Every structure is written in C-alpha cells, then in structure tokens.
Amino acid sequence: MDDFTIGRSEDNNYVINDSSVSSNHAKIVIGEDFKSFTLHDLNSTNGTKINGQSVLCKKIDKKTHIQLGIHPLNMNDFFELLKAYILKNRTDFSKEFSSLEVVEKKYLTQKHLASKYFKLKSGFIRGGITIGLLIFIMKTNILSIDKESKMFLMIGVGTIGGLISTASVSEKRLKHKLDDLYVEFTEKFNCPKCNFDLSSKSWKFWRSKKNCLKCNCKWVN
C-alpha cells in the first residue's frame, strides 16, 4: 500500500492549510498488519515534533501528539482519515475473512445448545409433573381400579404432564433467544471491507467465491 502523505499541497492525502507546514511535509508508512504506523519527516522546512521532541522518523499511535511546523494535529480526525484511506486502498482481507469461520461456528454452537437446553428443560418438567401426579394417585389409592381404567388414567396423566410442561417452557422464549443470536451473528458475519451481509450463505460457500461480490476485495489468497 502507498504511504499516507501529509502537507500543504493539494495532492496529499491529508492537506493542512498552514504556512508553517511544508508542501510535502511528512508521510506515514503503514505496517503489514495495517495497525502499526511510522511517521517520516520529508525534510520539511520547520520540522516535525512528536510528544514535544523533534524527530525524523518515529512510530505513532492515537495517543501520540504530533506537531508539523507550528500546527498540532487533531489525532482523532487524523486517524479517522488514515483508517478511511486504508479501507479504501486495501484489497487483501483474507485474514479477517478467515476469522469469520469462527464467528459462524460459535453461532451454530450457541443455536444448537439453546435448542437442546429447551428440549431438556421441557423433558425434565414433563417427567417431574408426571411422576408427581402418579405419586399423588398412588397415595390416594385411585389405582385400585381395574386394569383398563388404569391404562386410560396413565395416558391422561402423561398428557396432562405434557400440556403443563409445554405451558411452563414457552417456545416463544426459545424463539426470542434464537432471534437474538441471529441478530448478533448478522452484525458480525459481513465482508470485512464493505460490510456486505454474508448471513444468507455459509462461510464455506463464500470462501469458494474468493472475492467479495460487492467490493471485490480478496477473501482467499
């Protein structure tokens, strides 16, 4: 990626309208990780200061105080422009795209566990209610009736237990949980460069495409 240039001239990436700033005052060399930055003074007339000290070359970050000539940089605005420059000019997002596989696996695991928990909870409640009703019936000697009546009574107990457990463990609660997981997933499962939504297909499907269908950035080397 080309260096990010700073100066008074209009052909710079970051233009500063200040007479103490040279036409081509400094440049930022962007690291291969796109997160590390080194400032180089380009033999400017009035020099460059970082944290109050004159420098020709020094690594910088958001906490750094930079002064070109007598002009102090607004570091928040500066790094926003630098970030936008990188996003616009960078084409290889294979590392970030690879991490989306983990995002997808986490979502599918959480979805499976939520459904499994709902079924287990429903089953425990059904079993507890059914056993409780049977114990009550046995203690009240209702089971001293004939076999055919016992069978219908047992079926009725199981049915009642099922109905009560279904009412106790609401499927709406499960649906809300799954909806929340899906929303969280769709917020993260996007093209690393343009945020194109990828949730309609699997990570393996998008991997086979190798490039984003919207911005054409590279996903797979």
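**Note on the predicted model: pockets, sheets and selected residues**

1. Second largest pocket. Its lining consists of Glu32, Asp33, Phe34, Lys35, Arg90, Asp92, Ser94, Lys95 and Glu96. By class, that lining holds seven charged residues, one polar and one nonpolar.

2. Basis of the note. This is a predicted model, in which local features need pLDDT of at least 70, side-chain atom pairs count only at pLDDT 80 or more, and totals for chains, interfaces and linings use all residues. Residues are numbered from 1 along each chain as its sequence is written, and side-chain values use heavy atoms, with hydrogens and water left out.

3. How pockets are found. Rolling a probe the size of a water molecule over the atoms shows where empty space is left. The search uses a 1 Å grid over the protein atoms alone; a pocket is an open set of points where a 1.4 Å probe fits, with protein on both sides within 12 Å along at least five of seven lines, and lining residues have an atom within 4 Å of a point. Grid points are joined across faces, edges and corners, and the volume is the space filled by probe spheres set on the points.

4. Largest pocket. About 460 Å³ of space lies here. The lining has 18 residues; Phe34, Lys35, Lys83, Ile86 and Arg90 lie nearest the centre. Helix H1 (residues 75–89) gives the most to this lining, with six residues. The lining divides into nine nonpolar, eight charged and one polar.

5. Overall make-up. The chain has five helices and nine strands. Helices (H or I, at least four residues) and strands (E, at least two) are DSSP runs, numbered from the N terminus. From the N terminus on, the order is β-β-β-β-β-β-β-β-β-α-α-α-α-α. The chain has 221 residues, and 31% of them are buried. Buried means under 20% relative accessible area, exposed over 50%, and partly exposed in between (1.4 Å probe, protein chains only).

6. Surface and contacts. The accessible surface of the chain is about 14,600 Å², with 55% of it on carbon and sulfur atoms. The areas come from the Shrake-Rupley method with a 1.4 Å probe; for residues, only the protein chains shown count as cover. Of the contacts between residues at least 6 apart in sequence, 44% join residues at least 24 apart. Contact means heavy atoms within 4.5 Å.

7. Five-stranded sheet. This sheet is open, with strand order E2-E1-E3-E4-E7 and mixed pairing. Strands E2 (14–15) and E7 (57–60) stand at the edges; each has a single partner strand, so one side of each is left without a neighbour in the sheet. Two strands pair if DSSP finds at least two bridges between them. E1 (residues 4–7) and E3 (residues 26–30) run antiparallel, joined by three bridges. Phe4 stands opposite Ile28 in E3, and Thr5 has Lys27 as its bridge partner. E1 and E2 run parallel, with two bridges between them. There, Gly7 has Val15 in E2 as its bridge partner.

8. Four-stranded sheet. A further open sheet has the order E6-E5-E8-E9 and antiparallel pairing. Its edge strands are E6 (53–55) and E9 (71–72), each pairing on one side only. Two bridges link E8 (residues 66–68) to E9 in the antiparallel sense. Gln67 has Pro72 in E9 as its bridge partner.

9. Thr38. Beyond its neighbours within four places in sequence, Thr38 contacts Lys27, Ile28, Val29, Cys57, Lys58 and Lys59.

10. Positive phi. Most residues other than glycine have a negative phi. Phe34, in the loop between E3 and E4, has a positive phi near 60°. Phe34 counts as partly exposed, at 22% relative accessibility. Asn216 has a positive phi of about 70° and lies in the segment after helix H5 (203–209). At 56% relative accessibility, Asn216 is exposed.

11. Glu101. This residue belongs to helix H2 (residues 94–139) and is partly exposed, at 24% relative accessibility. The C-alpha atoms of Glu101 and Arg207 are 9.6 Å apart, although 106 residues separate them along the chain.

Definitions and conventions
Nonpolar A, V, L, I, M, F, W, Y, C, P; charged D, E, K, R; others polar.
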